[in-house]
Protein chains: 2
Amino acid sequence: MEDGFKTVSIIGVGLIGGSLALALKEKSLADKIIGYGRNEERLKKALKLGIIDTYTDSLKEACEAELIVLATPLGVFEKITSEMVSYLKRGTVITDVGSVKEEVVNKLERLMPQGVYFVGTHPIAGSDRTGFEHAKAHLFEGSKVVITPTEKTDKSALERIAKLWTKTGAQVEFMTPSEHDRIYALVSHLPHLVSFCLVNTVAEMDKNLIKYAGSGFKDTTRIAKSSPELWADIFAMNDKNVLHCLEIFTKKLEEVKQMLYRKELERVKKFIEEAKNLRQELD
Amino acid sequence: MEDGFKTVSIIGVGLIGGSLALALKEKSLADKIIGYGRNEERLKKALKLGIIDTYTDSLKEACEAELIVLATPLGVFEKITSEMVSYLKRGTVITDVGSVKEEVVNKLERLMPQGVYFVGTHPIAGSDRTGFEHAKAHLFEGSKVVITPTEKTDKSALERIAKLWTKTGAQVEFMTPSEHDRIYALVSHLPHLVSFCLVNTVAEMDKNLIKYAGSGFKDTTRIAKSSPELWADIFAMNDKNVLHCLEIFTKKLEEVKQMLYRKELERVKKFIEEAKNLRQELD
């Protein structure tokens with residue numbers, strides 16, 4: 001195929017893996033999609049929904065593809081890739097859709113046999129919803145997809161992956177793995193951590209009070225419904241950056257705390273105005 | 001009028017005051033709505049939009065109403081009420097829609113002349129959007145409205161106000177002012193404070209990075225676009241409860257921080273699961 005790949009294996013058919021499968025089919029970027037997973041019932045259902053064309057629980061069979069997409073939770077990328085290594089054929093491209101890049105890219109690049117090309121990506125299209133039931137072909141349209149090449153990345157594989165994402169409707173952006181992790185610790189991982197802590201503050205004080213929550217609480221904690229497996233892995237793999245952001249965030253909380261203790265109303269107002277102005281840039 | 005009030009003065013025609021005006025008209029709960037404010041241009045526009053029937057910049061004129069609704073930012077309730085005191089007539093009912101109740105109710109109750117009845121309320125229908133341009137008659141339908149009677153509250157005035165809100169479609173709930181403030185510090189004021197701090201963490205680290213924010217960041221910080229005047233007043237008037245919630249929240253952050261330092265992945269997962277489970281109760 002000129003722009004796409006003949007056969008694509010999706011390792012982990014969830015929201016992102018499933019949506020990519022649907023997008024590739026819709027844009028004729030793959031002839032055949034193989035779904036790999038541990039739960040046959042789930043894979044059968046994905047097949048029935050037309051998300052994948054066939055499924056397997058054999059990594060060997062999954063490696064019979066031109067493109068392999070790692071779309072499980074981050075924490076098992078290394079283990080799965082290690083198990084695939086002996087089956088990988090020259091010319092195969094492997095990519096991942098993990099939310100942390102430096103540790104992932106480093107480890108996976110080291111595992112690649114000669115002539116097998118790894119390209120790390122992160123589609124910014126996650127959700128608190130998980131599972132292929134929420135998958136849709138248009139998920140990536142207008143979304144950012146960050147691609148994180150290194151000096152080891154094969155130029156031609158990089159180009160093919162970038163083209164693939166562009167064809168799904170995504171805006172492709174390139175940065176180094178470490179740049180990616182620093183940025184997404186701030187704009188994604190920290191807000192998730194904060195959101196979990198907000199809900200658990202209610203749990204600690206009196207969980208029955210949750211029923212009084214209005215739309216403000218609901219919005220700030222929507223992402224607290226995200227997958228525990230996924231997010232524990234993300235925090236663990238980007239811990240240094242997340243802890244740094246948490247430090248700055250805690251400093252901001254301390255600033256407001258001091259203003260409230262000292263009853264510095266004008267400073268509180270200015271603090272809120274600063275937040276409001278920057279937030280409005282997003283709309 | 002059997003269920004409503006002949007003339008209603010709205011002191012501060014914004015999102016809440018404007019929406020209440022529209023709801024009262026739609027449900028035939030008021031014959032005439034007077035808008036009071038400082039900005040004539042704004043009041044003219046509200047008049048043109050049919051939100052109010054007439055307007056005035058004279059508190060004396062605004063006091064020619066059976067019901068007076070305080071709907072300005074919290075911080076000026078006391079000043080405005082003090083200025084109205086000499087004009088208030090026996091039998092008038094005064095209510096407010098402020099997001100903090102104990103300090104407001106205490107202060108306003110003390111200001112009430114003999115035979116003028118104060119009832120504190122808090123419609124849980126605020127938004128990051130402000131101004132009567134966003135007002136709508138149906139804003140309160142299905143929303144909670146908390147009414148905070150005290151031992152000083154006149155039973156008949158309380159009943160009239162409760163009936164009024166019920167007729168707008170709201171679910172009326174009664175609690176003491178201090179109970180209200182303790183609960184809303186947790187489920188509303190803390191999330192707002194956290195949201196402002198999240199955006200200002202980006203401001204401190206590198207404000208250009210805001211462009212990488214996805215839907216998670218957008219949701220958690222939507223309420224950071226709320227009014228600085230309104231929220232500075234809310235924090236100042238409910239400072240003790242807010243600071244207490246902030247303490248518990250900071251403890252939760254510290255817990256996660258320790259888990260990340262110690263690489264306790266299973267504990268992190270459990271922490272997220274706890275949040276996810278409680279948050280799901282809201283849907």
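This is a predicted model: local features need pLDDT of at least 70, side-chain atom pairs count only at pLDDT 80 or more; totals for chains, interfaces and linings use all residues.
Chain B can be superposed on chain A with an RMSD of 0.1 Å through a turn of 180° and a shift of 0.0 Å along the axis. The two copies are therefore related as by a two-fold rotation axis.

**Interface**
- Of the interface residues of chain B, 100% are also interface residues in chain A, so the copies meet through the same surface.

**Annotated domain**
- An unreviewed UniProt entry places the feature "domain: Prephenate/arogenate dehydrogenase" at residues 6–283 of chain A.

**Sheet of chain A**
- An open sheet with mixed pairing is formed by eight strands of chain A, in the order β3-β2-β1-β4-β5-β6-β7-β8.
- Its edge strands are β3 (54–56) and β8 (171–174) of chain A, each of which pairs on one side only.
- From one strand to the next, the twist averages 25°.
- Strands β4 (residues 67–70) and β5 (residues 93–96) of chain A pair in the parallel sense over four bridges; A:V69 has A:T95 in β5(A) as its bridge partner.

**Helices across the sheet**
- Helix α1 (residues 15–26) of chain A lies across β1 (5–11), β2 (30–36), β4 and β6 (117–123) of chain A, and runs at about 165° to β2(A).
- Helix α6 (residues 155–167) of chain A lies across β1, β4, β5, β6, β7 (144–147) and β8 of chain A, and runs at about 30° to β6(A).

Key
Residues are numbered from 1 along each chain as its sequence is written. Chains are lettered from A and ligands numbered from 1 in the order in which they are written. Side-chain values use heavy atoms; hydrogens and water are left out. UniProt positions are given in the numbering used here, feature names are shortened, and annotations may be inferred rather than shown by experiment. Two strands pair if DSSP finds at least two bridges between them. Helices (H or I, at least four residues) and strands (E, at least two) are DSSP runs, numbered from the N terminus. Axes are lines fitted to C-alpha atoms, for helices over the stretch in contact, and angles run from 0 to 180 degrees between N-to-C directions. Contact means heavy atoms within 4.5 Å. Copies are superposed by least squares on the C-alpha atoms of residues with pLDDT of at least 70 in both.
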